[in-house]
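Try each one before reading its solution.

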Amino acid sequence: MHHLNDKKIVVASHNEGKLREFSELMGPFGFEAKSAREYGLPEPDETGTTFEQNAYIKALAAAQATGLPALSDDSGLVVDALNGQPGVYTANWAEKPDGTRDFAMAMQKTEDALRAAGAVQPADRTGRFVAVICLAWPDGHAEYFRGEAEGKLVWPPRGQLGFGYDPVFLPDGHLRTFGEMPASEKHGWAPGQPEALSHRARAFQKFARARLGSP
């Protein structure tokens with residue numbers, strides 16, 4: 001049986017936005033959650049074609065390099081009118097020639113693609129954020145936890161909170177984009193809100209219930 005007894009785990013990511021969210025989510029459970037960057041680990045090439053494959057590549061590399069269990073997330077925006085794009089290539093759409101990422105550019109690229117596809121009415125702009133969390137041990141054992149958030153793509157971007165494509169994603173049943181929501185609301189910590197709202201928080205909630213004894 002694979003355990004998390006020593007309260008140490010590696011978060012296999014170099015993405016500042018993801019690291020901030022994982023730190024917020026892990027905090028209540030008393031874990032020492034250090035990032036792959038803090039361990040000086042390089043970012044492995046994400047050669048998978050699914051969220052699960054890429055999450056495993058990152059988690060396994062960090063686990064084997066540190067000897068500790070590692071938690072990784074692979075996530076993306078799946079847009080129906082774009083045949084599921086950008087999907088696993090969500091971060092790639094933000095990449096600039098110098099290697100940095102510009103998500104304002106990525107959001108514009110997505111909007112341009114939607115308009116080119118004739119998807120201008122709200123009913124034609126459906127999609128979802130998907131997050132797959134992989135928990136891996138150095139011996140290769142892995143467990144997966146998937147979360148999804150359904151919604152629509154809006155334009156122009158709204159809000160300065162969150163990160164990535166959050167300002168153009170309006171979750172179903174809400175009037176504010178992820179970019180307009182505080183972390184407490186996305187994570188399901190707001191008063192009277194028992195369930196997580198964001199894809200990453202939903203995946204983490206499954207992980208926490210399975211592995212951390214969370215109710």
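**Exercise 1.** Leaving aside its neighbours within four places in sequence, which residues is Thr177 in contact with?

*Solution.* First, some ground rules: this is a predicted model, where local features need pLDDT of at least 70 and side-chain atom pairs count only at pLDDT 80 or more, while totals for chains, interfaces and linings use all residues. Residues are numbered from 1 along each chain as its sequence is written, and side-chain values use heavy atoms, with hydrogens and water left out.

Step 1: apply the contact cut-off, heavy atoms within 4.5 Å. With those sequence neighbours left aside, the list reads Val154, Arg158, Asp166, Pro167, Phe169, Leu170 and Pro171.
Step 2: look at the side chain of Thr177, where a polar atom sits 2.7 Å from the backbone oxygen of Arg158.
Step 3: Thr177 has 0% relative accessibility, so it counts as buried (under 20% relative accessible area; exposed is over 50%, partly exposed in between, with a 1.4 Å probe and protein chains only).

**Exercise 2.** Work out how helix 1 and helix 5 are oriented to each other.

*Solution.* Step 1: take the axes, which are lines fitted to C-alpha atoms over the stretch in contact, with angles from 0 to 180 degrees between N-to-C directions. For helix 1 (residues 16-26) and helix 5 (residues 199-211), the axes come within 11 Å and cross at roughly 40°.
Step 1: classify the angle: under 35 degrees is roughly parallel, over 145 roughly antiparallel, 65 to 115 roughly perpendicular and the rest oblique. The two helices are therefore oblique to each other.
Step 2: list who meets whom. Lys18, Glu21, Phe22, Leu25 and Met26 in helix 1 meet Arg200, Ala201, Phe204 and Phe207 in helix 5. By class, that contact has six nonpolar, no polar and three charged residues (Ala, Val, Leu, Ile, Met, Phe, Trp, Tyr, Cys and Pro count as nonpolar, Asp, Glu, Lys and Arg as charged, and the others, Gly among them, as polar).

**Exercise 3.** Is Ala12 buried or exposed?

*Solution.* Step 1: go to the loop between strand 1 (8-11) and helix 1, where Ala12 sits.
Step 1: the relative accessible area of Ala12 is 6%, so Ala12 is buried.
Step 2: not counting residues up to four places away in sequence, Ala12 touches Ala36, Lys58, Ala59, Ala62, Leu71 and Ser72.

Definitions and conventions
Helices (H or I, at least four residues) and strands (E, at least two) are DSSP runs, numbered from the N terminus. A polar contact is a pair of N or O atoms within 3.5 Å; within protein, one must be able to donate a hydrogen and the other to accept it, and residues adjacent in sequence count only if both atoms are side-chain atoms.
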